Amino acid sequence: MHRRQYCFCRPLERGAQDVAKRCRHVADDPERIALAHSLRKEAFPHGLCAIGKGQRDGMSETRKIAAILAADVVGYSRLTGSDEDRTLARLRALRSDLIDPTIAVHHGRVVKRTGDGALVEFRSVVDAVRCAIEVQNGMLERNAGLPPERRIDFRIGIHLGDIVEESDGDLMGDGVNIAARLEGIAKPGAICLSEDAYRQVKARLDLAVSDLGATQLKNIVDPIRVYSLQVGVAAEARPAAQSEPGVLEKPAAPLTLPDKPSIAVLAFQNMSGDAEQEYFADGISEDIITALSKSRWLFVIARNSSFTYKGHAVDIKQIGRELGVRYVLEGSVRKASNRLRITGQLIEAATGTHLWAERYDRALEDIFAVQDEITHSIIGAIAPGILAAEIQRSQGKETTELGQWERLMRAHWHIRRFTREDSNEAIRLLDELLRRQPDNALALADLAFSLHFAALFGWTDSPAEAKARMSQTARRAVASDEQDAGAHTSLSIHELFLGQHDNAIRRLLRAIDLDPNSTFARGYLGTAYAFGGECDPAIKNVQEAMRLSPRDFLMVVWFTVSAWAYLSAEKFEQAADCGKRAIDCNPAFPDAHATFAAASAHLGHMDDARAGLDEFMRLMPGLTAGDERLIRPFRRPADRERFLDGLRKAGLPEQ
């Protein structure tokens with residue numbers, strides 16, 4: 001028999017706060033107080049509140065108020081029907097790289113997953129909405145450049161209401177049902193909030209919303225007022241009250257932003273209560289500042305300035321104005337027994353939008369090793385996040401409105417797409433920039449990189465001229481800034497494709513000395529080893545590049561290089577798998593299909609081999625075994641023959 005515990009509340013006129021204090025299940029959470037007040041007025045006019053514990057069918061249950069987020073993939077059946085393996089692989093990657101870390105940062109609990117969706121419980125609507133915004137913004141970035149039929153779009157519904165929690169952690173009740181129905185009416189990439197949920201966040205977050213009015217949801221008796229959140233528009237915390245000593249009561253005049261991306265790294269908060277961990281938390285922040293300062297394209301605020309905010313609750317927008325930065329990195333450190341939990345968040349200062357968030361759990365065995373590992377991981381994650389944000393900013397302007405840095409970012413966007421048209425546009429933009437700034441080492445390095453692929457894949461009418469110009473441009477980049485790791489890496493690519501493997505490796509090691517966090521240099525060091533027939537060091541360095549920057553646009557290159565390395569070692573299963581993963585990253589990259597076709601042919605998987613070759617030849621029309629576009633810098637003739645033999649087996653014509 002179902003049994004419920006009741007509590008008797010004071011009359012309404014005593015106010016919701018008094019009600020909350022006398023209802024032990026509501027505690028001091030203002031969201032729960034507000035909803036309890038509303039529920040009591042509507043459902044229990046005589047002061048009887050039926051939120052408590054009970055049993056049903058032998059299973060204990062708890063009734064409570066919670067924020068519920070329901071999400072699913074739009075068009076999941078279509079995506080899996082088109083390519084089930086690729087869709088499932090991408091979903092797994094999204095869960096591990098984006099969704100689960102974001103839920104953890106915002107204190108969510110995954111209640112259940114379906115094939116294409118999830119139900120998540122949050123202690124606060126603010127946490128739920130911030131989590132949803134970060135996930136949807138992350139998907140905007142990941143879907144950029146993909147054709148519509150390959151994009152994964154989420155729709156999300158959020159509701160604050162009464163739910164029933166079973167002893168196994170499962171949730172039921174109207175609160176869950178309403179969240180699921182809200183998700184069902186959300187547009188792709190959007191977030192729908194019930195009125196109860198929106199009421200809790202409208203005064204705490206700046207949200208660009210559309211009022212959809214009273215909406216009749218499926219199987220919900222009464223219409224519910226629904227608000228649709230526009231993702232990609234400012235969503236930020238309201239300024240906190242400033243009563244702490246040492247913090248300016250009036251905002252200082254904003255500083256002019258530098259002409260390149262700027263960042264302040266705040267002192268990480270020590271959340272463990274252990275004073276000894278204060279040194280570790282400060283050490284993490286200091287190491288990140290030092291490492292970021294080696295990136296020549298980034299303006300980094302010195303420790304002495306960014307650490308002045310330590311211990312004060314200051315609005316991120318205020319920090320951005322006072323320090324003159326576009327981005328702020330903040331984090332925390334918590335120690336429990338011999339375990340450490342470190343979180344980090346990258347925020348756009350002007351809007352408060354979270355661009356990246358991650359949590360790291362580590363065993364505390366060697367504190368310095370942990371500090372180094374976490375520093376490298378954070379640097380590898382936030383650098384692509386900043387570049388992605390800068391590229392997105394440049395996309396919103398006409399070409400004539402672009403500043404020099406924005407022009408560089410627009411060119412960078414075209415480079416990462418790896419198509420003939422985008423290559424030509426990137427070269428045009430970089431030529432325009434260099435007419436104004438002829439010694440811009442970053443632009444010169446990017447131009448050399450673009451010219452390399454234009455020559456390699458025949459994206460120009462004169463590959464020989466592109467090669468010669470690439471050589472000249474890469475040397476100019478190094479001459480313009482001897483300390484720039486990217487410039488040295490671009491020149492090393494030219495040396496590698498001249499067959500100067502040892503020179504290329506020496507230059508790449510020099511680049512890594514200049515910037516140990518350069519995934520560009522680390523990945524191309526793996527490339528030099530791969531074409532040199534040294535599989536193990538190739539894979540080691542490429543995996544290090546991917547670990548440092550798992551969201552980098554060069555992931556397609558690193559997976560392709562891995563395939564080259566495994567082909568040289570006759571590990572065809574691994575080579576085919578890496579080729580397939582490269583295709584998943586960017587199907588426009590020709591060599592991803594080439595390595596997949598060659599490895600599949602050597603395995604005897606002829607259907608895959610022919611499909612890979614067909615796509616390779618579609619991207620490079622008129623290809624034959626003797627074509628110059630198939631020249632790769634193999635140090636060992638046997639590796640070249642193995643590659644060509646695989647393509648011949650797949651059906652590549654001799655001439």
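Q: How many salt bridges does the count come to, and what makes a pair a salt bridge?
A: The count comes to 36 salt bridges, where a salt bridge is a side-chain nitrogen of Lys or Arg within 4 Å of a carboxyl oxygen of Asp or Glu. This is a predicted model, in which local features need pLDDT of at least 70, side-chain atom pairs count only at pLDDT 80 or more, and totals for chains, interfaces and linings use all residues. Residues are numbered from 1 along each chain as its sequence is written, and side-chain values use heavy atoms, with hydrogens and water left out.

Q: Why are arginine 155 and glutamate 183 called a salt bridge?
A: Their side chains meet at 3.4 Å, N to O, and the cut-off is 4 Å, so the pair qualifies. Arginine 155 lies in strand S7 (residues 154-166) and glutamate 183 in helix H5 (residues 174-185), so the pair ties together parts that are 28 residues apart in sequence; helices (H or I, at least four residues) and strands (E, at least two) are DSSP runs, numbered from the N terminus.

Q: Why is glutamate 183 called buried?
A: Its relative accessibility is 11%, and buried means under 20% relative accessible area, exposed over 50%, partly exposed in between (1.4 Å probe, protein chains only). Arginine 155, at 23%, therefore counts as partly exposed.

Q: What makes aspartate 502 and arginine 635 a salt bridge?
A: The N to O distance is 2.9 Å, which is within the 4 Å limit, so the pair counts. Aspartate 502 lies in helix H16 (residues 501-514) and arginine 635 in the loop between helix H22 (606-619) and H23, so parts 133 residues apart in sequence are tied together.
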